[in-house]
Amino acid sequence: MGKCYGYLRETIQEANKAKPNKNNNMHKTGLLEYLNVIFPDVNDWVWNKTIPNAKRRFRPDYRSEQLKLIIEFNGVHHYRKPNIIVNDKEKEMFYEQCGYKVVMIPYFIQLSNSTVKTLFNVEVKEQLFDETIPSLFASDECTPAFLCPLGIEKMAEDFLKFPKQYEVNMNQMQKEDIILTRWDLLEQEYNKRLI
């Protein structure tokens, strides 16, 4: 049996320090561990460093010059404050102007095989995260109830690319207290975007 991939964290160190999820005992996996499986021939990942000779001092989470690719892992705080959401959009546009393809990975989207295909157009033979496992729980304070209105809109927009993960997470949140999940706000925003 191969490696079991857990909830995504930005770094291997953060993943190793994190306790298993209290709702389902699922462990965490660092983004670089996933990247090494998705792109096995790429070995130039740079973490948290500015782009050489760039006019701005933004520090992307991961950058590969070989792929001309920047990957940002957006934790829950990227959905709680409007100024951070606006700043993320600014950074994405800047990175693109510098000639990079940019992939933003929201904290609630897990790197399953189908997600990797959607984000990177890469088919991985090894079994990655099981996308039937939810990632939004009220006890983790990461549901729509804990986000700002613009963050809920952004969450709905992000979920459009991953309908299976949306469905799994909605089913989970609907089992919990609506005051602590406010899944209804997400559903409203998601449905607006489907039209």
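What follows is a set of questions and answers on a predicted model.

Me: How many aromatic pairs does a search of the whole structure find?
Reply: A pair of aromatic rings is described by the distance of the centres and the angle of the planes. Ring centres have to lie within 6.5 Å to pair. Searching the whole structure on that basis gives 13 aromatic pairs.

Me: Take Y7 and F129: is the pair stacked, edge-to-face or tilted?
Reply: The ring centres of Y7 and F129 are 5.4 Å apart. Planes under 30 degrees apart would count as stacked, and over 60 as edge-to-face. The planes here are at 40°, so the pair is tilted.

Me: How many residues apart in sequence are the parts that Y7 and F129 tie together?
Reply: Y7 lies in strand β1, residues 7–9. F129 is in the loop between α4 (113–120) and α5. The pair therefore ties together parts whose separation in sequence is 122 residues.

Me: Are Y7 and F129 buried or exposed?
Reply: The cut-off for buried is under 20% relative accessible area. Y7 has 3%, and F129 has 1%. Y7 is therefore buried, and F129 also counts as buried.

Me: What is the angle between the planes of F94 and Y95?
Reply: Both F94 and Y95 are buried. Their rings form a tilted pair, 6.2 Å centre to centre. The angle between the planes is 55°.

Me: Which residues do ring pairs link into a cluster?
Reply: Ring pairs build a cluster that includes F159. F159 is also one of the buried residues of helix α5. The cluster consists of Y79, Y107, F108, F159, Y166 and Y190.

Me: The charged end of which residue sits over the ring of Y100?
Reply: A charge has to be within 6 Å of the ring centre to qualify. The one over Y100 is 4.0 Å from the centre of the ring. It belongs to K68.

Me: How many disulfides does the count come to?
Reply: Two cysteine sulfur atoms must be within 2.5 Å. For C4, which is partly exposed at 43%, the nearest cysteine sulfur is that of C142, 19 Å away. C148, buried at 9%, has its closest cysteine sulfur in C142 at 15 Å, too far for a bond. The count of disulfides is zero.

Me: Which elements do the buried residues of α5 pack against?
Reply: Helix α5 covers residues 149–159. Its buried residues are G151, I152, K154, M155, A156, D158 and F159. They pack against β5 (69–74), α3 (82–97), β6 (101–106), α6 (163–173) and α8 (183–194).

Note on methods:
Residues are numbered from 1 along each chain as its sequence is written. This is a predicted model: local features need pLDDT of at least 70, side-chain atom pairs count only at pLDDT 80 or more; totals for chains, interfaces and linings use all residues. Side-chain values use heavy atoms; hydrogens and water are left out. Buried means under 20% relative accessible area, exposed over 50%, partly exposed in between (1.4 Å probe, protein chains only). Helices (H or I, at least four residues) and strands (E, at least two) are DSSP runs, numbered from the N terminus. Contact means heavy atoms within 4.5 Å. Rings of Phe, Tyr and Trp (its six-membered ring) pair if their centres lie within 6.5 Å; planes under 30 degrees apart count as stacked, over 60 as edge-to-face and the rest as tilted. A charge sits over a ring if NZ of Lys or CZ of Arg is within 6 Å of the ring centre and within 35 degrees of the ring normal.
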